[in-house]
Structures are given as structure tokens and as C-alpha cells.
Amino acid sequence: MAVRTLMGAAFGLLLAGTASAETVKVGIIGPFSGPFALQGKNFQAGVEAYMAANGKQAKGHDVEIIYKDLPAANPQASRALAQELIVKDKVQYLGGVYFTPDALAITPLLKQANAPLVIFNAATSAIMTQSPLVVRTSFTTAQTTTPLGKVAVDRGIKKVITTVSDYGPGVDAENAFKKAFEAAGGQVVESIRMPLNTTDFSPIMQRVKDSGAEAVFSFLPSGPTTLGYVKAYNDTGLKQAGIKFLAPGDLTQESDLPALGDGALGLLTSFHYAVSHDSPENKKFVEGATKAIGGADQLSFPSVGAYDGMHVIYKMIEATDGKQDAEKAVNAVKGLSWTSPRGPVSIDPETRHVTQNIYLREVAKGQDGKTYNKEIQTFPNQKDPGLAPAGQ
Ligand code: PHB
């Protein structure tokens with residue numbers, strides 16, 4: 001008994017000498033059901049792969065994840081979920097967020113909540129300007145698109161028509177492509193903006209055909225939308241008519257490729273991540289994330305945004321030793337650099353957006369007979385041109 005008491009006292013002293021372990025809660029908002037559920041499943045796979053590889057504790061603090069389902073772009077519901085996570089669940093960090101309008105609905109809450117938001121996907125440049133407590137580990141459409149402008153001209157394309165979803169990332173993609181393509185000597189002959197809920201793309205394809213353009217540049221958010229759009233491009237004879245296809249990689253996400261079949265061969269895209277990326281870090285990541293998602297052919301880019309997002313959140317928890325201090329947490333990751341499954345990345349200290357390589361890719365057929373995004377050129381260390389200081 002006496003020995004036990006003594007041991008208890010010694011143990012108590014030991015604890016008193018160190019900060020006590022906190023359970024740090026992280027709330028993750030994403031589309032976990034409905035038509036975009038596979039995108040949300042990719043968030044979850046990235047989170048689980050990270051925690052399986054790095055442990056469920058950061059600096060001795062248990063990390064607890066709370067997932068909230070937001071099936072489609074819905075700013076009001078997004079704000080309500082974020083509020084619930086902050087007030088009821090008492091999370092210290094918010095993460096995830098697939099669609100831009102949902103991210104914009106959360107940014108006004110962060111200061112009062114004393115919580116950083118680490119964006120795993122939403123890709124409109126301007127989100128970062130809405131709060132100093134946002135960090136983003138995904139990409140912007142301006143960042144992924146810009147290198148394509150010169151590539152198009154180098155490939156002899158002089159006239160392009162653009163078709164984009166009519167909201168933040170689509171408008172950013174349209175502007176970025178036009179700027180880069182026209183700076184390289186090309187001409188955008190027409191720009192079409194499609195309502196986000198468009199599902200019948202044949203009238204669009206007809207307008208593309210009638211425009212006289214040599215290529216179509218397109219952006220739509222990945223999911224059933226992109227699958228329907230690329231199928232329409234393949235099936236309405238544009239491809240046969242020799243009208244080339246240019247897009248950021250959202251349009252050829254790996255999980256869509258089996259459904260697109262050989263029709264996707266040759267599609268040219270630029271993006272920050274391909275599941276096929278050849279590196280030891282990516283091999284390990286793909287193994288872990290495939291296990292987490294529970295099947296082949298389901299992995300896609302939101303998984304890597306989530307994996308790296310968790311890396312950033314772990315660094316924030318380490319820097320604050322588990323205490324809630326959003327400003328200190330965000331400051332701690334400004335300038336952070338690491339090797340992601342996608343390649344070398346860092347958090348730009350000015351914009352808090354990820355600096356990364358952008359890769360030109362072509363859909364090709366592998367030795368296993370399956371189509372994949374084959375990386376054919378690298379544009380190293382690209383910042384977000386959409387967030388460049390005025391005058392650049
Ligand atoms: C967005 O809403 O910001 C978004 C969604 C899906 C994408 C890209 C951007 O593939």
C-alpha cells in the first residue's frame with residue numbers, strides 16, 4: 001500500500017512537470033453522401049492514411065476527427081455545420097470543404113471561434129483573402145490552369161473556346177487560361193459560362209463546334225458533372241472533328257477514368273497531383289489511401305489535399321502544444337515545407353496557399369491495360385498566380 005502511494009505520488013509529480021495531454025478535436029466538412037460522396041470518401045481516405053502512417057497523437061495529444069456531411073454546395077448548411085462543430089463539439093480546427101461557396105460561408109466565423117480552417121479542396125483564389133486564419137493544401141484553378149496557356153500555343157493551337165462552370169473556380173480558370181494563352185499569342189474566340197447544375201451538355205458541344213475554335217478549354221468541379229461533360233465531348237463528335245481538349249485535371253480524375261474508357265485516351269490536362277506520380281512518398285501514400293478507401297480505382301486528388309491538410313494540422317497542434325490559439329497555429333505553418341505525395345510543397349507565408357509543382361499530363365494506357373494520367377512535363381514551384389501581389 002505504502003509503495004503504491006509512493007508510486008502514485010511520483011507519477012503525479014511527473015505529470016505536473018509536463019503540460020497535460022489534451023484531446024484536440026478536428027471537424028471535417030465534406031460531401032460524404034450524395035452524388036459527390038466519392039470526393040468526400042477521398043477526404044476521409046487521406047485523413048485515415050495520414051493518421052495510420054503518423055499515429056493518432058500529435059506531440060502527445062490525442063487527435064479526434066469529427067466528420068460532418070455536406071452533400072452539395074450549400075453555404076447556409078455549411079455555416080450551420082461549422083457553427084455546430086465550434087459550439088457543440090468544441091473543435092479547435094476546421095478542415096475539409098469541397099466547394100468554394102461552402103468555404104466562403106465559413107471564413108467569417110473563424111476569428112471569433114479562434115479556429116483555423118485548413119482547406120482540403122475549395123479552389124477559388126480569393127477565399128484566402130477572406131480571413132487570415134485560412135490555410136490551403138489543395139490548389140487553385142488559376143494555379144493548375146496557367147501553364148496550359150503556353151502549352152496550347154506550343155502545340156500549334158491558335159484559337160480556343162472556353163467553357164466553365166459559372167462560379168468562383170470556373171471564372172478563375174477562364175481568366176487564368178485566357179491571360180496565359182493570349183500572352184503566348186493565342187486568341188480566345190468565345191467564353192461560355194455554364195450553370196453549376198447543367199447536366200445536358202450537347203447544346204454546349206454544338207456551340208463549341210460552331211465557334212471555329214481548334215480547341216476547347218473547360219473547367220467543371222470533379223464528380224458526376226465532369227464525367228458527364230467529358231462523355232459528351234467524346235460522344236458528340238468533337239473529338240472526331242479534331243477539336244482538341246484542354247483542361248485542369250479535375251476533368252480526368254482517376255476515379256472517372258474506368259467509366260470514360262478508351263475515349264479518354266490523349267486528353268491533355270494540367271494538375272498538381274496524379275495517382276500515378278512516381279515517387280517513394282506517393283507509393284506509400286497510394287498504398288495507405290487505397291487501403292483506407294477500401295478498393296482500387298477510387299482514389300483521386302481530394303485524398304492528397306486531405307493528407308497534406310492533416311500534416312499542416314499536426315504541425316499546428318505541435319506548435320500550440322494542444323492549446324487553442326488559432327493565430328499561433330497559423331503563424332507556425334507559414335513557410336512550412338515538406339515532401340508531399342505530389343512532390344515538394346510549401347505554404348507561402350504571404351498567401352497561406354500551397355506552392356507546388358504543376359504537371360502536364362496525358363491520358364495514356366498502362367501495361368495493365370488501364371488508362372491513367374501520365375505526367376509528361378513539370379512546371380516547378382508554382383505559386384497561385386490568382387493571389388500574386390498587384391502588378392505581377
Ligand atoms: C470548388 O468549388 O472550389 C471546386 C470543387 C471541385 C473541383 C475544383 C474546385 O474539382
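The points below cover the basis of the model, its pockets, the ligand and the cavities.

1. Basis. This is a predicted model, in which local features need pLDDT of at least 70 and side-chain atom pairs count only at pLDDT 80 or more, while totals for chains, interfaces and linings use all residues. Residues are numbered from 1 along each chain as its sequence is written, and side-chain values use heavy atoms, with hydrogens and water left out.

2. Largest pocket. The largest pocket holds about 660 Å³ of space. A pocket here is an open set of points on a 1 Å grid over the protein atoms alone, with protein on both sides within 12 Å along at least five of seven lines; a lining residue has an atom within 4 Å of a point. Volume is the space filled by probe spheres set on the points, which are joined across faces, edges and corners. The lining comprises 24 residues, and Val 275, Ser 276, Asp 297, Asp 368 and Tyr 372 lie nearest the centre.

3. Origin of that lining. At least two residues of the lining of the largest pocket come from each of helix H10 (257–260), helix H11 (280–293) and strand S15 (371–382); H11 gives the most, with four residues. Helices (H or I, at least four residues) and strands (E, at least two) are DSSP runs, numbered from the N terminus. The largest pocket lies between domain 1 (2–139 + 278–352) and domain 2 (142–271 + 358–382), because both give residues to its lining. The domain bounds come from an automatic or database domain assignment. By class, the lining of the largest pocket has seven nonpolar, eleven polar and six charged residues. Ala, Val, Leu, Ile, Met, Phe, Trp, Tyr, Cys and Pro count as nonpolar, Asp, Glu, Lys and Arg as charged, and the others, Gly among them, as polar.

4. Second largest pocket. This pocket holds about 250 Å³ of space. Eleven residues line it, with Thr 146, Ala 176, Lys 179, Pro 385 and Gly 386 closest to the centre. Helix H6 (141–154) and helix H7 (168–183) each supply at least two lining residues, and H7 gives the most, with five. The lining of the second largest pocket divides into five nonpolar, four polar and two charged residues.

5. Ligand. Which residues come nearest the ligand? They are Thr 100, Ala 123, Tyr 167, Ser 222 and Asp 250, out of 14 around it (a heavy atom within 4 Å). Oxygen atoms of the ligand lie 2.6 Å from a polar side-chain atom of Thr 100, 2.8 Å from a polar backbone atom of Ala 123 and 3.0 Å from a polar backbone atom of Ser 222. The protein covers 100% of the 280 Å² of accessible area that the ligand has on its own (Shrake-Rupley method, 1.4 Å probe).

6. Largest cavity. The whole structure has two cavities of 30 Å³ or more, a cavity being a set of points where a 1.4 Å probe fits but cannot get out. The largest cavity holds about 90 Å³. Its lining has 14 residues, with Tyr 98, Asn 121, Tyr 167, Phe 219 and Pro 221 nearest the centre; ten are nonpolar, three polar and one charged. Domain 1 and domain 2 both give residues to this lining, so the largest cavity lies between them.

7. Second largest cavity. The volume of this cavity is about 30 Å³. Its lining consists of Ile 29, Gly 30, Pro 31, Leu 70, Val 97, Tyr 98, Phe 99 and Asp 102, of which six are nonpolar, one polar and one charged.

Definitions and conventions. Polar contact = N/O pair within 3.5 Å; in protein donor to acceptor, adjacent residues only side chain to side chain.
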